[in-house]
Amino acid sequence: MAHEHKLAIFRGTLKFKSNIAKIWGVFVFLSIVTIIEVALGILKPEFLLENRFLAMKYLNWIFIILTLVKAYYITWDFMHMRDEKSSLRRAVVWTGVFLICYLILILLIEGDYIYEVYKSNYVKFDF
Amino acid sequence: MDTTVAKTGTEGKTWGGGNKPLNASYGKMMMWFFIVSDALTFSGFIAAYGFSRFKFIDAWPIADEVFTHVPFLHGVPAPMYYVAFMTFILIFSSVTMVLAVDAGHKMQQKKVIWYMFFTIIGGAIFVGSQAWEWATFIKGDYGAVETKGGKIIQFLDTEGKRVAIADFAEKIPTARNVHEESNGVWYEAEETQTTFSFEEVKAGFLANDNLLVRTQYYDENGEPTVLSREESIEKIVNDGKLVVEGANLKHNEYGHPLFADFFFFITGFHGFHVLTGVLINIIIFFNVIIGTYERRGSYEMVEKVGLYWHFVDLVWVFVFTFFYLV
């Protein structure tokens with residue numbers, strides 16, 4: 001039960017006077033990020049769709065990074081992760097991050113492989 | 001609690017009990033255990049969605065074309081706006097929840113009551129919106145034809161606008177004899193009938209020269225491939241099998257049936273979480289009103305349900321990205 005809250009976000013660059021002010025500040029930030037996401041989703045700027053980085057469109061990179069940013073602030077400020085012991089933070093975050101990254105990597109590679117097999121109608125190696 | 005826990009005589013020592021591992025109380029720690037495991041469940045679902053999407057990457061429906069509806073704005077295509085609204089509702093109910101937790105720390109019963117009330121309202125609006133979105137998705141809008149190979153073909157006019165099958169299908173008078181349970185030893189209820197039969201859609205399509213067909217597959221510009229009139233006729237006559245209206249677990253007029261399956265499953269599982277979250281919030285809300293936590297001297301229970309509620313919001317952030325944006 002941490003009655004004292006850490007009141008600075010953005011690595012200490014933005015400090016709030018009270019916990020309530022911080023909550024509203026984080027809400028404004030999350031809203032801005034969501035508005036950017038929705039605006040990009042509706043407009044779909046051409047140059048972000050044409051170029052790719054590591055086989056993924058720029059636009060999708062932006063969406064995924066902004067999602068992780070939102071997830072960070074929801075967990076850190078709404079779920080009070082910022083006020084917990086670093087050992088609890090790490091136990092929760094690294095377990096999830098490691099297992100999820102592994103699962104996604106394996107499944108997406110496998111999915112892409114099956115796509116290639118369907119497309120060429122040819123079994124390249126053990127299917 | 002004291003009456004149910006046996007004293008060991010080693011209280012105060014490191015392994016004597018009574019310590020809080022990681023400085024979190026038992027209940028909070030268990031809530032984090034649950035949240036981590038539930039997060040892994042959701043990532044399993046979303047990763048499975050990614051797997052199926054990568055498998056059919058050149059034919060996966062575009063969310064913008066599927067979710068274009070806003071309540072009370074019938075026929076106005078507005079992709080994304082309604083989901084964005086739902087996202088805001090959920091984030092805002094998270095804010096009122098965290099304000100309730102903050103008021104709880106300060107032992108302000110009245111404020112906790114009001115903030116919990118707004119949280120519950122927000123959750124209810126979200127679940128209602130999701131139900132509406134499901135209903136719209138199940139109903140469908142233009143209708144399509146499924147081929148013998150299970151692929152979806154949709155109809156366009158020569159200007160590239162979508163055409164609903166109801167606008168061109170020709171009514172062919174037929175008499176259907178429904179097999180009823182009283183007439184047979186072996187009886188299975190028939191499937192839901194579509195408004196038009198495939199033969200009616202085919203006749204209407206052949207009679208209207210300005211209609212074209214588009215397939216699920218994307219051309220090099222990332223647009224669904226539109227066939228020429230001759231190819232379209234060939235496709236309908238040779239491959240067409242049945243009419244699909246809306247989406248269910250077997251057929252999906254918007255594209256691959258797996259898209260509908262994952263949509264129902266993932267948003268359904270998330271919606272179930274929101275529903276249980278609302279119910280738990282209501283229980284805690286009444287506990288706050290009758291003063292349970294005031295007597296207990298701690299509003300930690302509000303903090304624990306708060307953790308769950310924020311988690312539901314957190315999951316929605318990911319569902320929103322992977323179902324509607326990416």
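**Ground rules.** I call two strands paired if DSSP finds at least two bridges between them. Helices (H or I, at least four residues) and strands (E, at least two) are DSSP runs, numbered from the N terminus. I'm working on a predicted model, where local features need pLDDT of at least 70, side-chain atom pairs count only at pLDDT 80 or more, and totals for chains, interfaces and linings use all residues. Residues are numbered from 1 along each chain as its sequence is written, while chains are lettered from A and ligands numbered from 1 in the order in which they are written.

**Hairpin in chain B.** I started with β1(B) (residues 144-147) and β2(B) (residues 152-157), which pair in the antiparallel sense over two bridges. B:V145 has B:I153 as its bridge partner in β2(B). Four residues lie between the strands of this hairpin, and B:G150 takes a positive phi there, near 85 degrees. Next I followed β2(B) across to β3(B) (residues 211-218): the two run antiparallel, joined by four bridges. Here B:F155 has B:V213 in β3(B) as its bridge partner.

**Chain B overall.** I count ten helices and five strands in chain B. Along the principal axes, the C-alpha atoms of chain B fill a box of roughly 90 × 55 × 40 Å. I get 35% of its 326 residues as buried, that is, with 20 or more other C-beta atoms within 10 Å of their own; exposed is 12 or fewer, partly exposed is in between, and C-beta atoms are placed from the backbone.

**Cores.** I take a nonpolar core as a set of buried Ala, Val, Leu, Ile, Met, Phe, Trp, Tyr and Cys residues joined through C-beta atoms within 7 Å. The largest one has 69 residues, and B:V302, B:F320 and B:Y324 are among those touching the most other members. α10(B) gives the most, with 17 residues. I also found a second, separate core of 17 residues, which includes B:F155, B:A169, B:V201 and B:L212.

I then checked B:Y324: leaving out residues up to four places away in sequence, it touches A:G41, B:A63, B:F67, B:M80 and B:V83. Contact here is C-beta atoms, placed from the backbone, within 7 Å.

**Where A meets B.** 41 residues of chain B are in contact with 41 residues of chain A. On the chain B side, α1, α3 and α10 each supply at least two residues, and α1(B) gives the most, with 13. By class, I get 26 nonpolar, eleven polar and four charged residues on that side. Nonpolar means Ala, Val, Leu, Ile, Met, Phe, Trp, Tyr, Cys and Pro, charged means Asp, Glu, Lys and Arg, and the others, Gly among them, are polar.

A:H80 has a positive phi near 60 degrees without being a glycine. I find A:H80 in the loop between α3 and α4 (86-120) of chain A, buried, with 21 other C-beta atoms within 10 Å. B:N23 is also a non-glycine with a positive phi near 60 degrees. B:N23 lies in the segment before α1 of chain B and is partly exposed, with 15 other C-beta atoms within 10 Å.

Note on methods
Contact = placed C-beta atoms within 7 Å.
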